[in-house]
Amino acid sequence: MDAEVIVIGAGPVGGLAARQLARLGLSVLLLEDHKQVGRPVHCAGLIGIEGLHGLGVHPEKSVVINRVCGSVLHSPSGFTLTVDKGKPHAYVLHRDLLDQQIVREAEMAGAKLLLGNRVIRCQLSQSGVKLTVRKGGTKREFRANLVVDAEGISARLARQNGLPGPRKSFILRALQYEVSNVSLPTDRVHLCFDNRFAPKFFQWIIPLDAHRARVGLASAGSKVRKSLEKFLSRTPILKDAQIDKRYGGLVYSGGPSGKNVVERFIAVGDAAGQTKATSGGGVVYGGRCAIIAAASIQRALRNGRYHHKELANYDKQWRRAYGRQFNQMALLRRVINCLNNKELDKLFQVTQQSSVRELVETKGDIDQQGRLITASLTNPFLLAQLAKIFLSKVKFLPKLLWG
Ligand SMILES: Cc1cc2nc3c(=O)[nH]c(=O)nc-3n(C[C@H](O)[C@H](O)[C@H](O)COP(=O)(O)OP(=O)(O)OC[C@H]3O[C@@H](n4cnc5c(N)ncnc54)[C@H](O)[C@@H]3O)c2cc1C
């Protein structure tokens, strides 16, 4: 064996899995396709402070660009809803540096990192796992007792091994520009909902400082570049923006996959669909599930039992801990996906009512959006207004509930 556990992918979730496994005393090999951890970047780097600290990740000074206290949500016709926590609530980070910090911590705990190694095949058998890996023009093999698949949203190896992976109809194309020559307050992000530009998702402006921001969108449509450029030219504070960097990527908004374990193989993070369906953010929840996966693996290795039943405990555990949050966020995403611009405006209008506004302000949270949904069910005014909007949507109900 080259290691007890091989982790595929040195993204944040793979890094956290490797760190946790190594801290539990297991021998870990972390294989990363790219030559540098964290590059290329595909992320807006907005991560809840409490959520990140809960993973035991305290970003170093050089990793943090900004801290924001809340967000302003915009409707297609310009209604707004502000959620302000009154103190820093989320980090804006250099994602590449964050991934590098996590992987460094994994190495310090004893994990071995190999860069430029792309896993192309993963064969599972009763005696162990055999990985075929390509490095440059050559192929070699690695063996381990178990594999953690943290390869990200493509989930190629997960599917190769019989797991469903993230649902393809909820994978959205995203594009983000880093811009300068803008002028904006630094303590709030802006999320703009408008089906003309970002159907089934939203556009975002994330301040880096008073004159620089990350501006992006994800969308079920195909013209992301055209839409983003229109957004830049139509938004007064972005009109004179100078584009310094461009990033593309895929965002997942479909909720976690039903099954993430087969014999000796566990999928985590984006590869398991463990993102917030409302915002596509996957660092905190993916990381939380990776930590649960590490505990299940340690138990399986300690007992010398690698079969599916023992490891399936992982699927049970993350569902018990976060299943409700995941489901509520997935439902909210599907509800929003059903609304046209007029209905989105109507929904924002409803939130102008003081009791609803107060509810959103007190219960709104970057990582615990389920709390807001549960609390909404106790507000009679909101319920009545939502019922009015959704009565016209009865024919969409099956799609809304089951995707
Ligand atoms: C535009 C955009 C903005 C986003 N903004 C945010 C945000 O603000 N906050 C947030 O929390 N999330 C955000 N996300 C989502 C976030 O980036 C992901 O949820 C997160 O990166 C998932 O981490 P992961 O480790 O599962 O996968 P990844 O970060 O995708 O890492 C997978 C790693 O595996 C490697 N790999 C893949 N295949 C192989 C292979 N065969 N062999 C070896 N290595 C392999 C890859 O090179 C990569 O390093 C955003 C995504 C996009 C596209």
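Guide: Gln 317 counts as partly exposed, because 16 other C-beta atoms lie within 10 Å of its own. On this scale a residue is buried with 20 or more other C-beta atoms within 10 Å, exposed with 12 or fewer, and partly exposed in between, the C-beta atoms being placed from the backbone. The model is predicted: local features need pLDDT of at least 70 and side-chain atom pairs count only at pLDDT 80 or more, whereas totals for chains, interfaces and linings use all residues. Residue numbers start from 1 along each chain as its sequence is written.

Gln 317 belongs to helix H8, residues 313–337. Helices (H or I, at least four residues) and strands (E, at least two) are DSSP runs, numbered from the N terminus. Leaving aside residues up to four places away in sequence, Gln 317 touches Ile 292 and Ser 296. Contact here means that the two C-beta atoms, placed from the backbone, lie within 7 Å. Gln 317 and Ile 292 are 25 residues apart in sequence, but their C-alpha atoms are 7.0 Å apart in space.

Ser 296 leads on to a second residue. Leu 311 also touches Ser 296, along with Val 261, Ile 266, Ala 300 and Tyr 306, again not counting residues up to four places away in sequence. Leu 311 is in helix H7, residues 308–311. Leu 311 is classed as buried because 23 C-beta neighbours lie inside 10 Å.

Next comes the nonpolar interior. A nonpolar core is a set of buried Ala, Val, Leu, Ile, Met, Phe, Trp, Tyr and Cys residues joined through C-beta atoms within 7 Å. The largest one has 114 residues, and the members that touch the most others are Val 5, Ile 6, Ala 17, Val 28, Val 268 and Ala 293. Helix H6 supplies the largest share of this core, 12 residues. In soluble globular proteins, nonpolar side chains tend to be buried together. Ile 6 touches Leu 29, Leu 31, Val 129, Leu 131, Phe 142, Ala 144 and Val 147, with residues up to four places away left out.

Helix H6 (283–303) also gives two or more residues to the shell around the ligand, as do H1 (12–23) and strands E3 (46–48), E9 (118–125), E12 (171–180) and E16 (242–252). In total 36 residues surround the ligand, the closest being Gly 9, Gly 11, Gly 152, Gly 269 and Gly 282; a residue is counted if its C-beta atom, placed from the backbone, lies within 6 Å of the molecule. The shell holds 15 nonpolar, 16 polar and five charged residues. For these classes, Ala, Val, Leu, Ile, Met, Phe, Trp, Tyr, Cys and Pro are nonpolar, Asp, Glu, Lys and Arg are charged, and the others, Gly among them, are polar.

Domain 1 (3–45 + 96–167 + 256–311) and domain 2 (69–91 + 171–252) each give at least three residues to that shell. The remaining part of the division is domain 3 (334–402). These bounds come from an automatic or database domain assignment. Between the C-alpha centres of domain 1 and domain 3 the distance is 36 Å.

Helix H3 (residues 95–108) has 14 residues and should span 20 Å at 1.5 Å a residue, which agrees with the 20 Å between its end C-alpha atoms; the expected span is 1.5 Å times one less than the number of residues. Among the buried residues of H3 are Leu 98, Gln 101 and Val 103, and their cover includes H1 and strands E2 (28–31), E7 (90–93) and E8 (112–114). Glu 60 is in the loop between helix H2 (49–54) and strand E4 (64–68). Helix H12 (residues 380–391) is hardly covered, with one buried residue among its 12.
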